[in-house]
Amino acid sequence: MTTGVRLVLLGRQGAGKGTQCVRLSRHYVIPHISTGDMLRAAVREGTEFGRKAKEIMDRGELVSDEVIGGVVDERLSQDDARHRGYILDGFPRTVPQAELLEKITTDAPLTLVIDLVVPTDVVLERLASRRVCGDCGANYSLETPPKYGWVCDNCGGDVIQRADDTPEAIQKRLDLYERETAPLIEWYQERHLLVEVDGLGPAEDVTDRLTQAIEHRRSA
Ligand SMILES: [Zn+2]
């Protein structure tokens with residue numbers, strides 16, 4: 001089975017990746033597979049893995065490749081992803097993870113890897129104002145708050161600033177991202193899988209650019 005659209009979306013935190021993943025997931029009717037969300041769910045449920053992961057993430061570090069790769073492999077094996085495709089968010093972050101993903105997807109290789117590009121000053125500004133629903137993970141910001149107080153429009157949960165959205169933790173993540181992802185982008189460029197898309201402007205415009213890039217690839 002090689003129909004469907006199988007995507008990886010790259011981009012620094014604050015590039016609008018989460019929002020665009022949700023929009024693309026609706027557009028193509030494919031699951032949005034966020035390793036961050038899967039991890040946070042495990043942390044919230046307090047599983048053994050979740051507690052270990054929390055310790056690591058609280059230090060601003062990342063969980064091991066074997067663990068994340070296993071979780072991703074399991075998820076991609078489910079029917080919806082096998083039949084319709086998927087959009088991967090948060091994995092791979094490094095070249096070894098990309099090699100792992102290449103093995104996982106041997107039978108149905110990726111359609112396209114998209115790098116969502118936004119300048120650093122814009123990213124920092126967006127991250128400082130970011131707020132998130134502690135229950136369902138819906139995204140808000142100081143500019144786009146929920147309708148009533150800091151109560152989630154979707155589920156009524158508390159909308160908060162993430163504990164890991166402190167300036168120090170943000171800077172640490174951006175530095176780590178640059179260090180690890182620059183070689184990853186090069187790796188996908190060499191395989192002619194990568195396309196850069198401008199992430200500035202209204203969300204609808206960015207989505208249009210993304211679907212154009214995807215359609216262009218699918219018709220090639
Ligand atoms: Zn919510």
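Q: Two strands count as paired if DSSP finds at least two bridges between them; how many bridges join β5 to β7?
A: Two, and the strands run antiparallel. Keep in mind that this is a predicted model, where local features need pLDDT of at least 70, side-chain atom pairs need 80 or more, and totals for chains, interfaces and linings use all residues. Numbering starts from 1 along each chain as its sequence is written, and side-chain values use heavy atoms, without hydrogens and water.

Q: What else is Ile160 in contact with, leaving aside neighbours within four places in sequence?
A: Besides Val132, Ile160 is in contact with Arg131 and Gly134 (contact is heavy atoms within 4.5 Å). Ile160 also sits 8.7 Å from Arg130, C-alpha to C-alpha, although 30 residues separate the two in sequence.

Q: How does β5 pair with β6?
A: Antiparallel, over three bridges, with β6 at residues 139–141. Val132 stands opposite Asn139 there. The hairpin of β5 and β6 has five residues between the strands, and Gly137 takes a positive phi near 85°.

Q: Now the zinc ion: which residues are its protein donors?
A: Cys133, Cys136, Cys152 and Cys155, each through SG and lying 2.3 Å from the zinc ion (donors are N, O and S atoms within 2.8 Å of it). Their sequence spacing is C-x2-C-x15-C-x2-C.

Q: What about the angles at that site?
A: The four donor atoms make angles of 102 to 116°, so the site is tetrahedral (all angles between 85 and 135 degrees).

Q: Different topic. What's the strand order in the open sheet?
A: β2-β3-β1-β4-β8, five strands with parallel pairing. The edges are β2 (32–34) and β8 (194–198), each pairing on one side only.

Q: How is β2 joined to β3?
A: By three bridges, with β3 at residues 85–89 and the two strands running parallel. Ser34 stands opposite Asp89 in β3.

Q: And which residues touch the most other members of the largest nonpolar core?
A: Leu10, Leu88, Leu101, Val113 and Tyr188, out of 25 residues. A core here means buried Ala, Val, Leu, Ile, Met, Phe, Trp, Tyr and Cys residues joined through side-chain atoms within 4.5 Å. Helix α8 gives the largest share of this core, five residues.

Q: What does Val113 touch?
A: Not counting residues up to four places away in sequence, Val113 touches Val8, Leu10, Tyr188, Leu193, Leu194 and Val195.

Q: Last one: where does Thr207 lie?
A: In helix α9, residues 203–218. Thr207 is buried at 8% relative accessible area and, beyond residues up to four places away in sequence, touches Gln20, Arg23 and Leu24.

Terms used. Donors are N, O and S atoms within 2.8 Å of the metal (3.2 Å for Na, K and Ca); water is not among the atoms, so sites may look incomplete. Four donors count as tetrahedral if all angles lie between 85 and 135 degrees; four count as square planar and six as octahedral if opposite donors are over 155 degrees apart and all others between 65 and 115; anything else is irregular. Two strands pair if DSSP finds at least two bridges between them. Helices (H or I, at least four residues) and strands (E, at least two) are DSSP runs, numbered from the N terminus. Buried means under 20% relative accessible area, exposed over 50%, partly exposed in between (1.4 Å probe, protein chains only).
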